[in-house]
Amino acid sequence: MKLKILVGSMTHTAKHVAQAIQMECADLANPVEVEPMDGLDISVFDADKTEDVLYLICTSTYGAGDVPDNAQALYQSLDLQPRFLGHVRYGVIALGDSASHAQTFCFGGKHFDERLQDLGAQRIGEICCLDSSDGTLPETVGAEWCRQWLQAALPKSSAPCDAT
Ligand SMILES: Cc1cc2nc3c(=O)[nH]c(=O)nc-3n(C[C@H](O)[C@H](O)[C@H](O)COP(=O)(O)O)c2cc1C
């Protein structure tokens, strides 16, 4: 099963989380692709219709609860070019800061989740919120969460991937 991680980031934290997942989860999903959201639109969910693929939205939050600049085009495309995404299974890692932005904590990831659900996509598991003010390492927490998430998402008959 392929894992495609779509990264929305301003100052690279979300990118580093995605890269940690790529290294730590290669035995559970193969390949693990990391793709910055720059320039993407809703068609990113078309390419793999016939493949066994899971999507992971990994995005931070900016402004007053907005998605980062590099995620704007994809986020708006979900609204401006809507289509049924019933074939899409996805998870969300949402990055934010509860100390400075309590009212809009992790809204970037939560906004993506709302739009994807509106279009019929199926979220697997709960949203993973990574809080930059809680003293944990986002790469470590994100990769650990992703291992558990992948294990829950894998069909029961699937053996872990041969990463070689
Ligand atoms: C200008 C600015 C605005 C932010 N706004 C929010 C916000 O509204 N909600 C939130 O939860 N975090 C907010 N954050 C925190 C970031 O989302 C958080 O630090 C995140 O880890 C950054 O990830 P990145 O390096 O991948 O962009 C903001 C940070 C900055 C610098």
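The following conversation goes through selected features of a predicted model.

Q: What kind of model is this, and what cut-offs apply?
A: The model is predicted: local features need pLDDT of at least 70, side-chain atom pairs count only at pLDDT 80 or more, and totals for chains, interfaces and linings use all residues. Residues are numbered from 1 along each chain as its sequence is written, and side-chain values use heavy atoms, with hydrogens and water left out.

Q: Where is Thr61 placed?
A: Thr61 is in the loop between strand 3 (53-59) and helix 2 (72-80). Helices (H or I, at least four residues) and strands (E, at least two) are DSSP runs, numbered from the N terminus.

Q: Is Thr61 buried or exposed?
A: Thr61 counts as buried, because its relative accessibility is 17%. Buried means under 20% relative accessible area, exposed means over 50%, and partly exposed is in between (1.4 Å probe, protein chains only).

Q: Which backbone atoms lie by the polar side-chain atoms of Thr61?
A: The backbone oxygen of Leu95 is 2.9 Å from a polar atom of the Thr61 side chain, and the backbone nitrogen of Gly108 is 3.1 Å from a polar atom of that side chain. A polar contact is a pair of N or O atoms within 3.5 Å; within protein, one must be able to donate a hydrogen and the other to accept it, and residues adjacent in sequence count only if both atoms are side-chain atoms.

Q: Which residues is Thr61 in contact with, leaving aside neighbours within four places in sequence?
A: They are Asp66, Leu95, Thr104, Cys106, Phe107 and Gly108, where contact means heavy atoms within 4.5 Å.

Q: Turning to the ligand, which residues come nearest?
A: Of the 20 residues around the ligand, Ser9, Thr11, Thr13, Thr61 and Thr104 come nearest. A residue is near a molecule or strand if one of its heavy atoms lies within 4 Å of it.

Q: Which residues have polar atoms by a ligand oxygen?
A: Among them, Met10 has a polar backbone atom 2.8 Å from a ligand oxygen. An N or O atom in the side chain of Ser60 is 2.9 Å from a ligand oxygen, and a polar backbone atom of Gly65 is 2.9 Å from a ligand oxygen.

Q: What about Ala64, buried or exposed?
A: Ala64 counts as exposed, at 62% relative accessibility. Ala64 lies in the loop between strand 3 and helix 2.

Q: Next, helix 1: which of its residues are buried?
A: They are Ala14, Val17, Ala18, Ala20 and Ile21. Seen down the axis of helix 1, these buried residues fall within an arc of 160 degrees, so they line one face of the helix. The arc is that of the directions from the helix axis to the C-beta atoms.

Q: What covers that face?
A: The cover of the buried residues includes strand 1 (2-8), strand 2 (32-36), strand 3, strand 4 (89-96), strand 6 (128-131) and helix 4 (138-153).

Q: How many disulfides are there?
A: The structure holds zero disulfides, a disulfide being a pair of cysteine sulfur atoms within 2.5 Å.
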